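User: Hi! Could you walk me through some helix packing and the ligand surroundings in the structure below?

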Amino acid sequence: MKKGISRRDFLNGTQVALGASLLTPWSELFGNDIGVFHSDTNYYPPGLSGMRGSHDGSWETMHARVAGGSWDAGEPDEQYDLVVVGGGISGLSAAWFYRQRQPQAKILIVENHDDFGGHAKRNEFIVNGQTRIGYGGTEAIDTPSSFGPPAMDLLQKIGIRLDAFYEAYDASIYSQLNLSRGILFDQQTFGQQKLAVGYALLPWNEFVLRTPLSEQARKDLIRLQTSTEDYLPGLSLEEKQALMQRISYETFLRDYAKVDPQIIEMYRKWGTSFWCVGIDEIPASQVQEYEGMPGTEHSLPRHGSRGDDPYIFHFPDGNATIARLLVRSLIPAALPGKTQEDSVLARLDYSQLDKAGQAIRIRLNSTAVQVQHTADESAVDITYVNEGNAFKARAKNVVMACYNLSIPYLCPEMPQRQKEGLAYGVKVPLSYVKVAVPNWRAMADLGLDFVNYTNDFYKQVELDFPVSIGGYECAKTPNDPMILHMCHVPFLPDVKGPEQWRQGRRMLLQTPFSTFEYHVRDQLDQALAGGGFDADRDIVGITVNRWPHGYAYESNLIWEPKYAAEADKPWVIGRQPFGRIHIANSDADSSAMTQAAIMQAWRAVGEIE
Ligand SMILES: Cc1cc2nc3c(=O)[nH]c(=O)nc-3n(C[C@H](O)[C@H](O)[C@H](O)COP(=O)(O)OP(=O)(O)OC[C@H]3O[C@@H](n4cnc5c(N)ncnc54)[C@H](O)[C@@H]3O)c2cc1C
């Protein structure tokens, strides 16, 4: 299928020049002379609100490709040393690593969204005349002690200084107000709707009195939270680990800790923003990795991979700062300055990203639809669609830093086994919804910094990270404007395994903004009306960051088979180089982490001969 005017039609006037290619070197003919993608200085996607994330206009071309569409872009218009498909942290890192190797390299990054960064997106709001900055996805540098040396080196060279957060992150803002987590129990499951504030703050025998739980459930919650009982007596550590990896947290609670069914319902959706499944599919061995899910710690000593790093390494726009600092390093004119601090409030100049004549170009709103070796295999042709028009670039090498499950459609010549490996990792759908409010007095007055909803559209609402950095001041008093963070994860209790994410992805794409907005209003009123909140009066703006292709598939859930060797893992089979085409993205490590995105870029670039 070909949409709109083709590149051939569009470039009618260049036919003579193309004919001359027989005599002229590629690089001179196709160097960097295309200016049609250049955007103007008013172009500023972080300032947009409404439906963002995978916004309309970003996904339709690829879906048409999956449905069998094809585009004829004719002969290549440009030549690069490297084309990177996907402008997320992995794609930007791939360009960065490649340029380290070849400082003069010509690199093109094509990205289907109207902004770079992938999941690492910046959201801005103006509230009471002040710019408030939020994170549309990737929220923090998580467990930096687990970062591989090349990833840490990249962070340092682009100017990230983690030590700054020990001052920038001020937990006392919330602790001085004695804020804590609350649970909004739903009527359908618990017989009455009730907000219970003080989870993990009050003594448990006091907290349970605030809940609508039955007498038995109250006793069991106190026991689960306070007892040091080993619910797996007589098993060795290895036997415990094997068992806890096999059974779900729900099974553990029901059959080993033997708690009342109400406790199971209370925790059913607790971890859905992290694992994106209910507790019936989260291995019992995993729950200590996440806040607030009790009962296993005296049966199995903590052994998680998340280390003891504090969870404080958060820029106001989350890891969008990493993406912005990578762009600064690749295209300095786009974001003048030298430090992470001076980047925080700086407005990025998008008109600099794709300028004719510069060595590194980032081409937004451009969806790759075909990536194929030339007949003599000396190069790769990348066909992409921008504004409905098909274009072709030729590159010596390509790094695919896009969703790995889409690569079989883009590179149909790949071997079947590799395609199956790439397709294995179903992306996990979720959405981060940001709600700008002129103050957060209602939450402060109710004593809340976080609300868990036991069974509703949004699983949680929480206050922003208390981080002030680079001249940006977080909301220090309840009278200051705040961006509330809400999370919606499609939840299909009757569908199990990766199929729930396939269905959830479709559901997310079909859910209109009005539904997201309705539930923001409804759920904030439900939880906060008692503190004087009024959705009609107190909501200034809403940005829905919808990620149908969200987290990378993580291989740590209950259904995952054991693999005899690393080489047998589907994503390892999938990420092997295919001629001049190399595979990056966090998907290639089956790990929804920034460090995986960077390390996979490093590996993919290292495989280029
Ligand atoms: C809501 C959310 C919160 C997260 N929070 C954290 C966190 O706090 N800490 C953490 O470490 N990790 C977090 N992650 C994981 C996050 O995905 C990774 O940290 C990292 O940002 C992934 O980068 P990536 O470049 O591998 O993939 P992506 O960010 O997905 O980037 C891939 C890019 O390729 C583009 N693309 C796809 N197909 C095409 C095509 N055909 N043509 C052109 N471009 C294409 C995509 O649109 C996308 O922009 C979070 C993820 C989500 C969704």
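Analyst: Happy to. In α5, I89, S90, S93, A94, F97, Y98 and R101 meet T594, A597, I598, A601, W602, V605 and G606 of α24, where contact means heavy atoms within 4.5 Å. Helices here are DSSP runs (H or I, at least four residues), numbered from the N terminus. This is a predicted model, in which local features need pLDDT of at least 70 and side-chain atom pairs count only at pLDDT 80 or more, while totals for chains, interfaces and linings use all residues. Residues are numbered from 1 along each chain as its sequence is written, and side-chain values use heavy atoms, with hydrogens and water left out.

User: How do the residues of the contact of α5 with α24 divide by class?

Analyst: Ala, Val, Leu, Ile, Met, Phe, Trp, Tyr, Cys and Pro count as nonpolar, Asp, Glu, Lys and Arg as charged, and the others, Gly among them, as polar. On that basis, the contact of α5 with α24 has nine nonpolar, four polar and one charged.

User: At what angle do the axes of α5 and α15 cross, roughly?

Analyst: Axes are lines fitted to C-alpha atoms, for helices over the stretch in contact, and angles run from 0 to 180 degrees between N-to-C directions. The axes of α5 and α15 come within 10 Å. The two helices are therefore roughly parallel to each other (angles under 35 degrees count as such). Their crossing angle is roughly 30°.

User: Are α6 and α15 roughly parallel or roughly perpendicular to each other?

Analyst: Helix α6 (residues 149-158) and helix α15 (residues 320-330) have axes 9 Å apart and pack at an angle of about 70°. The range for this class is 65 to 115 degrees. α6 and α15 are therefore roughly perpendicular.

User: Which residues of α15 does α6 meet?

Analyst: The α6 side of this contact is L154, L155 and I158. By class, the contact of α6 with α15 has six nonpolar, one polar and no charged residues. The α15 partners are I322, L325, L326 and S329.

User: Which residues come nearest to the ligand?

Analyst: There are 35 residues around the ligand, each with a heavy atom within 4 Å of it. Those that come nearest are E111, N112, H119, S586 and T594.

User: How far is an oxygen atom of the ligand from an N or O atom in the side chain of H119?

Analyst: A polar contact is a pair of N or O atoms within 3.5 Å. For E111, a polar side-chain atom lies 2.7 Å from a ligand oxygen, and a polar backbone atom of I89 is 3.2 Å from one. For the H119 side chain, the distance is 2.6 Å.

Note on methods: Angles under 35 degrees count as roughly parallel, over 145 as roughly antiparallel, 65 to 115 as roughly perpendicular and the rest as oblique. A polar contact is a pair of N or O atoms within 3.5 Å; within protein, one must be able to donate a hydrogen and the other to accept it, and residues adjacent in sequence count only if both atoms are side-chain atoms.
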